[in-house]
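Time to look up a few strands and one annotated site.

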Amino acid sequence: MASSDASDEVTFELLPFIRLYKSGRVERLIVNDAVPASLHDASGVASKDVTIDPATNVSVRLYLPPIAAAAASGKLPVVVYFHGGGFMVESADSAPYHRYLNALAACAGAVVVSVDYRRVPEHRLPAAYDDSSAALAWTLAAARGSASPPEPWLAEHGDPTRVFLAGDSAGANIAHNVAMRAAGEELPAAIRGVLLVHPYFWDASNTMGPELEERIRREWRFMTGNPDAAMDDPRLSPASAGAAPALARMPAERVLVAVAGEDFLAAKGRAYHAALVGSGWRGKAELVETTGEDHVFHLRKPGSEAAQRLMDRVVDFIARA
């Protein structure tokens, strides 16, 4: 019994996300119900899960709105979405994301590709970035009809010239980094826009206070598995002095950054927007601020007026492509 008790000793805790035990057990502290893919009767949006890499077991959840939403060409914009959760919790089948992306597919008339990337701590960064970049490449191939095996929803209805990268919190961080990788790899597709909702970034030029800043340091070092990880890493701090010039390579024509006034990360989102605008990038950056709301309020309070206003801005951003 003593051995069993010892093996259940907590060796590491990172609130509010995760707890690790001496036995190797991982306890995720934010757990939402898993929802199966289905046909959503109210909106007519259908969803299904597709494994895109059997070697890593990385999958995506596809959302297809009623085809009546298609343009005359029969093609729909494609939104590649990366869920949040500090790289550690949540998944593509989590109830808040399934609900939100059903609504996004219906309101925007878009095919949505929700990426179920591998999570920390079983798979430290850059696994989530690698998986998400692979999901973008798969999406483009599938929309062009060159994926093997073929994916009919994307091949028949997805427009590979109208692709958007989107995410919230850590997923917004991923969306930015996938876009920057795509620029470096010169992927043969037009990424029309990048939508970053309440992005998880660090920027030493504006302070959150010592307690929150120490939390970000602990998180980043845990996420990377490197106790000496630099906080000016461009993946975490794209607005830092050393990283900001590279923002000029952003491949998208437009970027929308959404921040919430009561979110402790809001200043980091504003700093990112300012750095992007000042980098020499030739696209158009939009900043949307929702006062009086906190981090990912649109997932926590999906029926609220503020959540609907943010959805309207996202839908408008996509429609302008």
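I began with β1 and strand β2 (residues 18-21), which pair in the antiparallel sense over four bridges. For me, two strands pair if DSSP finds at least two bridges between them; strands (E, at least two residues) and helices (H or I, at least four) are DSSP runs, numbered from the N terminus. I also looked up L14, and its bridge partner in β2 is I18.

A note on the source: this is a predicted model, where local features need pLDDT of at least 70 and side-chain atom pairs count only at pLDDT 80 or more, while totals for chains, interfaces and linings use all residues. Residues are numbered from 1 along each chain as its sequence is written, and side-chain values use heavy atoms, with hydrogens and water left out.

Next I traced the whole sheet: it is open, has three strands in the order β1-β2-β3, and its pairing is antiparallel. Direction ignored, neighbouring strands here are turned by 15° against each other on average.

I then found helix α6 (residues 210-224) packing on this sheet, where it touches β1 and β2. Its direction makes about 120° with that of β1 (axes are lines fitted to C-alpha atoms, for helices over the stretch in contact, and angles run from 0 to 180 degrees between N-to-C directions).

Last stop: which residue does the UniProt annotation "active site" cover? In the unreviewed entry, it is S169; such annotations may be inferred rather than shown by experiment. I placed S169 in the loop between β8 (158-168) and α5 (170-185). S169 counts as buried because its relative accessibility is 9% (buried means under 20% relative accessible area, with a 1.4 Å probe and protein chains only). Leaving aside neighbours within four places in sequence, I listed G84, V197, H198, P199, Y200, H295 and V296 as contacts of S169, contact meaning heavy atoms within 4.5 Å.

Key. Buried means under 20% relative accessible area, exposed over 50%, partly exposed in between (1.4 Å probe, protein chains only).
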